[in-house]
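Visitor: I would like to learn how to read the cores and aromatic pairs of a protein model. Please take them in turn.

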Amino acid sequence: MNENIEMEQQFDLLRQLLHADKMNEFREMFLEWHLYEQGQFYFTLDEKERLRLYTYLSPKETADMFDVIEEDHEDMKDYLSEMAPRYVADMLSEMYADNAADILNQLDKEEALKYLSLMTSENVNRIKVLIGYEDKTAGAIMTTEYVSIVANQTIRSALNLLRKKATQAEIIYYIYVVDSHNHLEGIISLRDLLLNREDMLISEMMEERVISVDVTEDQEDVAKTIRDYDFLAVPVVNSRKELLGIITVDDIIDVIDDEAASDYSGLAGVDVEAIAETPLKASIKRLPWLITLLFLGMSTATLISHYEVLINEASILAVFISLITGTAGNAGTQSLAVAVRKLAISDDKDMSFAKLIISEVLTGLITGCVTGLVIFIVVGFWKNNFILGFVIGIAMLCAITVANLAGSFIPILMEKIGFDPAVASGPFITTLSDLTSVLIYFNIASLFMGFFIGT
């Protein structure tokens with residue numbers, strides 16, 4: 001808390017320097033901060049203050065800040081529109097190619113071409129390489145700023161090359177060994193370069209078994225590779241094993257955050273990242289889901305009305321509808337969350353479909369039996385009618401088991417046919433559970449009507 005107060009005080013002081021037009025004092029204080037802190041201050045400024053900031057900072061200094069914050073804010077397009085086109089072009093030229101490509105991908109085609117036309121052909125080419133890759137693939141998140149060497153050079157020459165390229169490379173802890181056609185042959189760490197004799201050949205010490213990812217590979221699979229091997233970066237190759245770029249761990253952290261937000265959004269049926277939206281915008285985005293679920297809910301209401309005669313004969317049945325549907329819906333959502341998580345962390349692409357289903361059905365049976373037994377005893381003593389308790393208990397058992405089956409089956413089926421299992425949202429599973437629970441409940445109750453008619 002104290003750190004936050006101190007940071008706010010520093011923000012206030014820096015803003016005062018900005019308003020007082022004290023450029024030298026502002027730059028001295030601002031540039032001492034970490035790039036992330038610079039970005040957080042930038043987000044607190046209004047348009048007039050940002051326009052003044054651009055006159056204080058060079059395109060290179062703004063580029064360094066944007067390299068850190070470029071994926072942290074949805075208004076990046078608006079920020080660029082405030083700047084002079086030449087300033088934007090120079091800034092993008094100074095950024096890492098993957099980050100610049102990410103920003104350009106957020107823009108309209110005409111805007112992107114406007115900025116590209118103001119860049120040098122060299123900068124255009126290094127950025128354009130990354131723009132064409134399909135979203136959420138290794139190619140879309142890789143960077144082309146890396147250091148490569150050849151196998152027949154010495155450590156001394158490799159270190160000299162590294163010194164020249166280090167300022168342009170996004171990461172220098174791994175150096176990649178390629179042949180004359182840029183095929184990936186091996187890898188060597190900076191540590192190995194520093195600890196071995198300078199006259200030793202790279203071929204004598206490089207690691208020939210290189211873990212790489214294909215340029216078309218899904219970003220989630222890349223994240224799993226980096227996680228499993230504890231890499232700081234992983235090379236990206238094409239089908240001919242040509243080295244195209246690298247993916248660094250900081251980009252993978254962004255991927256993990258995005259995928260987690262996507263999963264939460266699917267489970268909740270709402271965009272959980274849209275926390276800064278106005279109530280009107282938030283309502284517009286949520287209404288399609290709610291209207292869809294409303295019509296699904298109507299099917300449950302229609303089903304209940306189908307058993308209206310049954311309810312009239314034994315009105316006590318109505319008391320337990322929400323209890324059964326609510327419990328089954330909760331069980332289905334739990335099963336959905338577990339299934340999505342298992343699919344997300346599993347490294348076995350041929351994971352047994354039946355194994356997951358059986359596991360969740362057995363879980364449903366166990367939890368259903370325990371829950372059903374508890375409600376059987378409670379209702380039996382509460383209403384002094386153990387036949388009614390038995391009906392509620394058996395209905396609870398069956399409803400929970402079916403909800404668990406649905407909660408696991410739907411995301412697994414989506415995974416099998418190539419869709420994101422997270423779109424099998426919690427609200428959809430809950431509504432589906434309501435429908436099946438009502439059907440199960442009244443069909444079981446109809447078999448025992450003689451025991452509680454008139455109650």
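Guide: What follows goes through the overall content, the cores and the aromatic rings.
This is a predicted model, in which local features need pLDDT of at least 70, side-chain atom pairs count only at pLDDT 80 or more, and totals for chains, interfaces and linings use all residues. Residues are numbered from 1 along each chain as its sequence is written, and side-chain values use heavy atoms, with hydrogens and water left out.

Visitor: How many helices and strands are there in the chain?

Guide: Helices (H or I, at least four residues) and strands (E, at least two) are DSSP runs, numbered from the N terminus. The chain has 23 helices and six strands.

Visitor: What percentage of the residues of the chain count as buried?

Guide: Buried means under 20% relative accessible area, exposed over 50%, and partly exposed in between (1.4 Å probe, protein chains only). Of the 455 residues of the chain, 44% count as buried.

Visitor: Which residues of the largest nonpolar core touch the most other members?

Guide: A nonpolar core is a set of buried Ala, Val, Leu, Ile, Met, Phe, Trp, Tyr and Cys residues joined through side-chain atoms within 4.5 Å. The largest one holds 55 residues, and Phe26, Tyr42, Phe66, Leu80, Met83, Leu92 and Ile247 touch the most other members. At least three residues of this core come from each of domain 1 (2–132) and domain 2 (148–249); the domain bounds come from an automatic or database domain assignment. Apart from this core lies another, of 29 residues, including Leu317, Ala331, Ala403 and Tyr441.

Visitor: How is a pair of aromatic rings described?

Guide: By the distance of the centres and the angle of the planes. Rings of Phe, Tyr and Trp (its six-membered ring) pair if their centres lie within 6.5 Å; planes under 30 degrees apart count as stacked, over 60 as edge-to-face and the rest as tilted. The whole structure has 23 aromatic pairs. One of them joins Tyr174 and Phe231, edge-to-face at 6.4 Å centre to centre, with 80° between the planes. Tyr174 lies in strand E2 (residues 174–178) and Phe231 in the loop between helix H15 (219–229) and strand E5 (233–237), so the pair ties together parts 57 residues apart in sequence. Tyr174 is buried, at 17% relative accessible area.

Visitor: Where do Phe390 and Phe448 lie?

Guide: Their ring centres are 5.7 Å apart and their planes at 70°, so this pair is edge-to-face. Phe390 lies in helix H22 (residues 386–416) and Phe448 in the segment after helix H23 (426–447), so parts 58 residues apart in sequence are tied together. Phe390 is partly exposed at 37% relative accessibility, and Phe448 is partly exposed at 23%.
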